[in-house]
Amino acid sequence: MLIQLSQVIASGLAMGSCYALIALAMVIIYKTSEVLNFAQGEMAMVSTFIAYTLLATYDIPFIIAFPLTLLFSLILGMIIEFLFLRPAKDPTLLGLIVITLGVEMILYGVAGWKWGAETKSFPSPILDTKVYNIKGVVVSQLNIWVFVVCIGLMLLLFLFFRFSKLGVAMKATAQNHMAARLMGIRAKRILSFTWGLSALIGAVAGVLIAPITLLDPNMMVDPLLKAFASAVLGGMTSMPGAAVGGGILGVVENLFGWYVSTEFKSVVAFVIIVVVLCVRPSGLLARHYVKKV
Amino acid sequence: MDMKRDYHEDIKLFPNNVGMAWFLLLVAFFVSFPIFAQDYIVYILNLIMIHVIVALGMNILVGYTGQISLGHAGFFAIGAYTSVLLMTKLHVPFLLALPASGLVAAFFGLLLGLPALRLKGPYLVIATMGFGMAIIHIIGHWESFFGGHMGIITPPISFGPFILDTDKELYFLILAVTLGMTIAAINIIKSRIGRAFIAVRDSDIAAETIGVNLTYYKTLAFAVSAFYTGIGGSLMGFVLGFINPQNFNLFLSIAFLAMVVVGGLGSVLGSILGAILITILQQQLNNIPEIPLLGKGVIFLSERWFSMSGIANVSSIIFGFIMIMIVIFEPLGLWGRWLKIKYYWKRWPF
Amino acid sequence: MVSNYLKSVLVVFPFIISLTFFFGHSIASEIGVSEDTIKIGQWSPQTGPAALWGSVARGTDCYFKMLNAEGGVQGRKLKQYIRDDAYQPPRTVGAVKELVGRVGVFGFVGGVGTATGMAVKRYLHTRKIPWVGPASGSSRWANPPTRYLFALYPNYVDEAHILTSYAYMTLGKKKIAFFYQNDDYGKEGLMGAIETLKRYGTKLVGEVSVEPLDTDISSQILKLKMSKPDVVILWLLPKHAAMTMGAAAKMSFKPLWMTTSTLSDAPLMYRITKGLWDGVMFDSFAELPDSKTPQMIKYKKAHDEHAPRERWGMFFYAGFLFAEPMIEAMKRAGRDLTRESFVDAMETIKNWNGGIGHSITFGPNQRQGQRSTFLGKCEKGVAVRLSDWLEVKK
C-alpha cells in the first residue's frame, strides 16, 4: 500500500519536473517582459526536432549535437523577439498574447511542414527504460535526470540572476525599462537575450522529455498547458514557484488518477489551481502586489 | 462632425437619416442574398454570423470591461447542448430553447465571474482556460446525460408552420438573431451599464471610488458575454446538425479571442470584421496547393526542402502570420484600419 | 456635403460589385461525371492532432494516379479533391459543402474521423451523394443502413469481438484487461470486448481509460498492472500505445499485448518504441506491408512511382482499400454512370476479393462491406501473419 503510494508520488514528481522545466522558461520571460509566452512549447518542439535531425539524419554524436541544439534555440528565441515582439508598438497584454499565439501557429506549421506528422523516435542517450528500483519504487534514469536538471537549472538561474552582471541587468530591465536604459544597460539586447535564454531552457526540456512524449509536432501541446498551469500555481514571477507548482501539479494529478478516476485527472488539476488562485491570487510563492492608487 | 449637442444625439443608433438609409439597404441586400447564392456560400455566411454573435459577447467582456477569457468555448458548448437537450428530452419549442440556452450559459458565466473578481492577467487566463476545459470534460464524460463522445444529432428547428432545415432557411433565422443582438450590444455599450464597463476597464479602483460596484459589473460582464456565446453555440448546433464535445476545444477559445483582438477591441464593428476575417481564413485555407500563384511556389518548396505530406501546414503559417501582422502594424485591429480609411476619405484631398 | 456623399458612394459600390462574385454558376446540372473525368472528394486531417491519418487521403490520391496511368475507369480519369479539415467537424461541413456546391463532386471516399463524418452524414444522405469507405470503424455508418453510404472498415465492435475471442478461445488466456482511449473509438471497442466475454460467461479483469491529449499515463499503467491480467488489449492512438510500452517496461509489467488495426503498423510502432513492440499481436483488415499478393506488389510499385517520399505504411495503403470497391462498382455500372446506377452496382458486390481487403459484401440492406480481419504479430519490427481471415458471423 505504501509502496504504491510512493510509486504514484514518485511518478507524479517525475512528470511534474518535466512541466516545471517548461514552466521555468515561461516564468523567465514573464519576469522580464511581462509576456505570456504561448509559443514556448513550440519553440522547444522545433529545437527538439533540430536535435533529432542532427542525431538521426546526420549521425552527429550527442555530445556535439546537444550544444548545437542549444545554440540554435538561443538564436531562435532571439530572432523571434526581434522579428515579432519588438515591432509591436506599445502592446497591451492581449496584443502580446495574440502575437505569441501567432508565433506558436507559425512554428507549428513549419515543424509540420518540414518533418511531417508521423511520430518519430528520439535517439536520446538518457533512457526512460533503464530503471532503478529503490525499495520497491521504480524510477527511470530519465526521471532522475529530469528532476536533477530541473533543480540544477533553478539553482543556476538563481545564482545567475543574483550575482552575475547580466542577470542583474535583466532584473533591472524588468523592473523599469527606461531607468535601465538610463543606467547604461542596452535594454533591447537584454530583452532579446531573455527570449534566447528561455528558448534554450525550453530546448533542454524538449530534449529531455522527448523519449516520454515521443516526437511529433503535437508533443508540446499538453505539456505546455500543464506547464502554464504550474507556473501560475507557483506564481508567475517566481522561479522556485515554477518548480514547486510543477511538482504539486504532477503529484496531485497522479494521486487523483490513482485513487479516484483517470478520466477527470487533468480537469481536477485545473480546478485545484482555480481554487488556490481564489485564496492566493498571485500564486503560491509570488508576492502579491496590491495596486495602490 | 462628431460633436453631439445633447444626450439623445449621443445614444442615437444612427447619426443621421442617410446612415440609416444605407443600413437598411444593406439589410435588404443580406435578406435577398440567399435567393441567388449557392448553399456553400450561405453556410459560410451562417458561420460568420454565429461567430459575429460570439465576438460581440467576447468584446463586451474583453474590449469593454478589460477582462481576458480563454474559456468561452465552454459557454459555446453549454449553449449548444442546452438547446439540443431541451428540445429532444423535454420537447421544449425552439423559441423558448434558444433564449434558455443563453440564460443557462449566462448563469455559468456568473459562476466564472465570481472567482475572476480577484484575478488579473495570466492568472485570469488560466482560470478561464481551466473553466472552459472543465466544462468540456464534464460534458464529454457524463455519458448518460450528454450522450458522451458519440455526440447528439440536432433536431430540425420548427416553430409554427415553419421547419428550418437547410442552410438557406437557417440563414434568415440567424440573420434576424444577429441583427437583434448587434443592436442590443450597441445599446448596452451606450447605456449606463456600458459606461460602467468602460470605467472598470480603464481603472477599476477609480471606478469603485465613484460608485461603480465592481462585483456587480464584473460578473455582469461575464454573464452577458456568456449569454451571447451561449446563443451563438445554440445556433451553431443547428447549423452543424451534430454536436460532439470534440468540437469545443481550446483552439476554439483561442479563435474567439483572436477575433476580437484582430478585429479591434472595444468596437462593435471591429468584432464583426474580426469574426469575418477569422472565419474565412479558417475555412478557406484548407486547400493549399490550389491557391493561385502561391500554391505552385509552396509545392516547389515542399519538394525540395520540406515534406510533401505536411504541405497543408502552410495554412497554420499563413494564419499565424496574418494575425501577427495585424496586431503589430495595426494595434487597434481591423477597426482601427477602417477608422483611418474613413478619416482619410473624409479629409481628402488634404 | 455633396462631395462627402459622393465619396461614400464611390466606396460602397465596388464593395457591392465585388460581392457579385458570390453569385453565379449554380451546379445543379453537373453531378461530377463528364466525358473524361470523374470527380471524387475526400476530407482529411492533414494538420492538427490527427495529422498522422492524413496519409489515407494521400494514399487514395496515389491509387487514382495509378488507375489514370492505366487509362482510368471506363475511359474516364479520376480526380480527387482533398480538403484539410484538421479533424474539426465545422471545417468538414464547410469542405463538404464546398465540394458539393462549388466543385460538384460525384461522391466521397474515405474521410477520417467519426465526429467529422457524422457531421456530414445527413447532409450527404439528403442530397443522395454516394460515400464509400469512411475511414473509421464506427458502427454508425452501416447501422442502420442507408442507401448511399457504404462502410468498409470492419467496425470496432466486430474487431474487439475477433480479438477477444482469439485471446480467450484460441490462446486460452482467461484474464483480459482493456486499455482504451476515452472517446467513441475506444468505447466501441470496450463494448465489443465486454459483450464477447459476457457470452463466454466472464468479464474483463480491468478497464482503464486515457484521454486523447494526456501525456502522462503512469497511473493508468499501474492500475492495469494491479489487475494482474494475462492479456491487455490496447485500443489507443499510436502515441499512447508507444508510451504504454515504455511505462510498462519500467514497471516490469509484461502481459501479452494485443491491439487493434489502428496500431497494426508494426514497423512504425517498433521504431518509435525502440524495439519494445516486439511480440505484440494485432489484427488487420488489409494485407500486411510486406505481403506478396499481386495487388500489393502493384500498389507498392505505384507508391514508388507517384509518392516515393511517403512512407509505405498501413494508413497509406488503406487509402487504396477504401476506394477499391468504388472503382469496382464504377466498372460494373459501365459507361453510363449515374449516382443511382453506381449504388445499384455497389449492391451487386458479393464476397469480393479483388482488392487488399477480404470478402467485401454489400446488398439491398447490407452496408457493412467487410467484417473480417486476421491476426498478426510483430516480430523484430516485421509484421508477420498469424492466422487466416476471421469473419464475424451474426
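Analyst: Buried here means under 20% relative accessible area, exposed means over 50%, and partly exposed lies in between (1.4 Å probe, protein chains only). This is a predicted model, where local features need pLDDT of at least 70 and side-chain atom pairs count only at pLDDT 80 or more, while totals for chains, interfaces and linings use all residues. Residues are numbered from 1 along each chain as its sequence is written, chains are lettered from A and ligands numbered from 1 in the order in which they are written, and side-chain values use heavy atoms, with hydrogens and water left out.

Let's go with strand E6 of chain C, residues 176–181 (strands, E, are DSSP runs of at least two residues and helices, H or I, of at least four, numbered from the N terminus). Six of the six residues in E6(C) are buried. In a regular strand, side chains alternate between the two faces of the sheet. For E6(C), one side carries C:Ile176, C:Phe178 and C:Tyr180, the other C:Ala177, C:Phe179 and C:Gln181, and both faces are covered.

Now the neighbours (two strands pair if DSSP finds at least two bridges between them). E6(C) pairs in parallel with strand E8 of chain C, residues 231–235, over five bridges. Strand E7 of chain C, residues 206–210, also runs parallel to E6(C), again with five bridges. C:Ala177 is a handy landmark: its bridge partner in E8(C) is C:Val232, and in E7(C) it stands opposite C:Gly206. To get from E6(C) to E7(C), the chain passes through helix H6 of chain C, residues 184–199, in a right-handed β-α-β crossover (with the strands pointing away from the viewer, the path from the first strand over the helix to the second runs clockwise).

Zooming out, chain C splits into domain 1 (37–153 + 290–363) and domain 2 (156–284 + 376–391), with bounds from an automatic or database domain assignment. Their C-alpha centres lie 28 Å apart. At the domain boundary, 17 residues of domain 1 of chain C are in contact with 16 of domain 2 (heavy atoms within 4.5 Å). Together the two domains bury about 1400 Å², 54% of it on carbon and sulfur atoms (accessible area, 1.4 Å probe, that two parts lose on being put together, summed over both). On the domain 1 side, C:Arg311, C:Met314 and C:His358 lose the most area, together 34% of what that side buries.

The rule finds one salt bridge across this domain interface (a side-chain nitrogen of Lys or Arg within 4 Å of a carboxyl oxygen of Asp or Glu). C:Arg311 and C:Asp265 form a salt bridge at 2.4 Å, N to O. C:Arg311 also reaches another chain: with A:Glu118 it makes a salt bridge whose closest N and O atoms are 2.8 Å apart.

Between chain C and chain A, the rule finds two salt bridges. That contact takes 28 residues from chain C and 38 from chain A, and the two chains bury about 2900 Å² between them, 55% of it on carbon and sulfur atoms. In chain C, C:Thr215, C:Lys239 and C:Lys250 lose the most area to chain A, together 23% of what that side buries.

For contrast, look at chain B against chain A: 48 residues of each are in contact.
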